[in-house]
Structure formats: structure tokens, C-alpha cells
Amino acid sequence: MARFAAIGLDHRHVYDMTEGLLAAGAECVGYNSDTTDPRVLAGFRKRFPSVPEAPRERLLDDRSIDFIVLSAVPCDRAALAVEAMRRGKDVMSDKPGVTTMEQLKAVRQAVRETGRMWSICVGRVASPALQEAVRIVRSGELGKLVQVVSLAPHRLNRALRPSWFFDRPAYGGIINDIGVHSIDQFLALADVPEAKIETSTIGAFGTAPEGFEDLAEFTLSSPSVRGYCRVDWFTPDGLPDWGDGRLFLVGTDGTLELRKNLDIEGRAGGNHMFVAGKERTRYVDCSGLPVTYFHDFVTAVRTRDMAVLPQEHVFTVCRMALTAQAMATRYVAERRP
């Protein structure tokens, strides 16, 4: 049984990663209580009451622990990952795994020198609907894929956010933070090792704090597929979920639409898929389909083969997100009195 510990309890994503790994058969043998958000720590203790608390150094030095789960402040994740790898542990990090190119270079060097794995839990690998979309595209049912449109609105939940959430150097910017999901999806759907960032724009259009990046758009291209992505923090409070995420695929023989989180006036739950082809349309409820990422990661700790999210792919996704963030044209709305 693979053994892991949780370090950096600064974001609620640590709950999902821990739950996924436990369901995959791994054992969480400890957590470090250092946090910038006591509510996250309290939530972890409530969800996993049998997991013992331990000092960070003890967890990192424990040779019986195979890997570390990280959900620290984003700008701190790379250094923690490097430290863990140099002490003989694989790493599963919350996204974004890095906030600068220098951090990405340091992580890449640590992977090369230690032989450890560094994985980032992006949305695609934890989504049954996205996994099914990739399968359908690669089956040829849509013909040749032509365009990918990814819409990823998020709810701000301002009152629940710690101060680092609004500090761009701390989180790395909106594209690096949440646009990374869309970049990963595009590469997987287009089935290419990397793509070109054609255009990138970032806006600060909300009310406060001034300068907070709340909307971004970027376009990508591979030799045969075009992509458009929008991410934002404008999910209205009346929506019964954190965002109405959608994915639209256009192929030469068909189209596919995902309503990832909810169907606002239709079927209950999430993971809704609609496919239109040459002869018919069909609806697919993807909610019961398997998600294998956590099981595959646990297996890869033993086999050293992370096929579901290869190491070079993770590096490329991070580099592309940082590139799109850095090259963006920026817009700031005028503030009303």
C-alpha cells in the first residue's frame, strides 16, 4: 500500500486529492498543520479525523512515506516539491504547481536529478466527462477535430478567500492559476505534445480589490486544431454551483458539448454530454464513468510509469500557462465613484 502525507493545507483542493487517493487504496499517514487559512485546516481535520498531525520535517524525513500531496500557497509549491523530491518522495501538487519560469526550471532539474515524479492534479484527469470527451474525439466519432472552445467561469466567494488569493505574485495570475486547466484539455483533445499561444488578454473588471485579474481570454493552435479559452471569476451567486463550465468541440463529422458542472434548467447533477453526428444526436450521462488518475498515480509510484499524465506533458502545460500569462495584453476597467 502506497503511503502519503499532506503538506501545505492552504487550499480546499487538498480534500479532493486526499479523498481520491484514499479511494484508490493509498494510505494517508500524516499531515502538517501549517496553513494560511485555518478554515482549510479545520475542514481537513473534520474530513480525515484518523490522520495524525506531524511536523513537516518529520514527514519529509520519513522513509516509509512514498509521496507528498501539496496544496500550499501557489508561490510556495515549487520549493516544497523540490524539497520533497530531494528527500526521496514523489509529489502530487495542486494546480498551479509553479508561478514563475524559474520555479519550473528548478522543478524540472529536481525531477531529472532525483528520478522522482511531479504531477499536478488538473481538472481533466479528475473529470469523468472530460475523460469521455477525449475518448470520443480519439475514436473518430466526430471526424477530424477542428476547434475546441473552453469556458471556465468560477465563483469568487470573496469572503472565503485568504489574502494571498488576491496577490498576483502569490497565485501567479489568472491564466497560470485556472487557465492551466484549459491548456491541458486542449493538448489532450488535439492529441499534440504542445501548441502555440496565439493571443492572450487579461482584464481587471470587478469592483475590488483594484487590479485583481478576474477575466482572461486566450487562443491556441496546433497544426490542425484551433482553440479559444475564457476563464473568469464572475459566476453569479444565484447559480447552484461554483461555475457553469462548458466545453464545445467541432469536428468534421460531428459536435460535442459538455456541461461540466450543471444543466441550469435541465437534468440534475453534473457531467452532462451532448453529441451530434451524421445520423443522430445523443445524450451521455458521464457522472458514473470511472476516473483513473488517482489509481494510476498510486500505481505509478511503484511502476514509475505515469501514462495518464506524462511528466513532459505536465512541464509543457505549466510552461504554456506561464507564457500566456506573461504575454497577455491587459485591460483595467475604470472605477465608478
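I started with helix H4 (residues 74-86), where Pro74, Arg77, Ala78, Leu80, Ala81, Val82, Ala84 and Met85 are buried. I take buried as under 20% relative accessible area, exposed as over 50% and partly exposed as in between, with a 1.4 Å probe and protein chains only. Helices (H or I, at least four residues) and strands (E, at least two) are DSSP runs, numbered from the N terminus. Just after H4, I noted a positive phi of about 85° at Gly88.

The model is predicted, and local features need pLDDT of at least 70, side-chain atom pairs count only at pLDDT 80 or more, and totals for chains, interfaces and linings use all residues. Residues are numbered from 1 along each chain as its sequence is written, and side-chain values use heavy atoms, with hydrogens and water left out.

**The sheet**

I traced an open sheet of nine strands with mixed pairing, in the order S13-S12-S11-S10-S6-S9-S8-S7-S14. Two strands count as paired if DSSP finds at least two bridges between them. Strand S13 (281-285) and strand S14 (329-332) are at the edges with a single partner strand each, so one side of each has no neighbour in the sheet. On average, neighbouring strands of this sheet are turned by 10° against each other, direction ignored.

S14 runs parallel to strand S7 (residues 196-204), and four bridges join the two. Thr201 stands opposite Thr329 in S14.

Next I checked what packs on the sheet. Helix H8 (residues 174-190) does, touching strand S6 (145-153), S7, strand S8 (215-221), S9 and S10. Contact here means heavy atoms within 4.5 Å. The direction of H8 makes about 25° with that of S8. Axes are lines fitted to C-alpha atoms, for helices over the stretch in contact, and angles run from 0 to 180 degrees between N-to-C directions.

**Salt bridges**

I found 28 salt bridges in the structure. The criterion is a side-chain nitrogen of Lys or Arg within 4 Å of a carboxyl oxygen of Asp or Glu.

Arg226 forms one with Glu198, and the closest N and O atoms are 3.8 Å apart. Arg226 lies in strand S9 and Glu198 in strand S7, so this pair ties together parts that are 28 residues apart in sequence. Arg226 is partly exposed at 44% relative accessibility, and Glu198 is partly exposed at 28%.

Which residues form a salt bridge with Asp244? Arg246 does, with the closest N and O atoms 3.0 Å apart, and Arg259 does, with the closest N and O atoms 3.0 Å apart. Arg259 is in strand S11 (residues 255-259) and Asp244 in the loop between S9 and S10, so the pair ties together parts that are 15 residues apart in sequence. I read Asp244 as buried, with a relative accessible area of 12%. Arg259 is buried at 9%, whereas Arg246 is partly exposed at 25%.

I also noted a network of salt bridges that links Arg56, Glu57, Asp61, Glu83 and Arg87.

**Surface patch**

Phe205, Phe234 and Tyr331 form a nonpolar surface patch with about 310 Å² of accessible area together. Patches are made of residues with over 30% relative accessible area and no salt bridge, with like charges joined within 9 Å and nonpolar side chains (Val, Leu, Ile, Met, Phe, Trp, Tyr) within 5 Å. Accessible areas come from the Shrake-Rupley method with a 1.4 Å probe, and for residues only the protein chains shown count as cover. Phe234 sits in the loop between strand S9 (226-232) and strand S10 (246-251), and Phe234 is partly exposed at 40% relative accessibility.

Most residues other than glycine have a negative phi, and most peptide bonds are trans. I looked for exceptions.

The peptide bond from Lys95 to Pro96 is cis, with omega near -10°. Pro96 lies in the loop between strand S4 (90-93) and helix H5 (101-114).

Asn271 is not a glycine but has a positive phi of about 60°. I placed Asn271 in the loop between S11 and strand S12 (272-276), and Asn271 is buried at 16% relative accessibility.

Arg304, not a glycine either, has a positive phi of about 65°. Arg304 is in the loop between helix H9 (293-303) and helix H10 (311-327), and Arg304 is partly exposed, with a relative accessible area of 33%.
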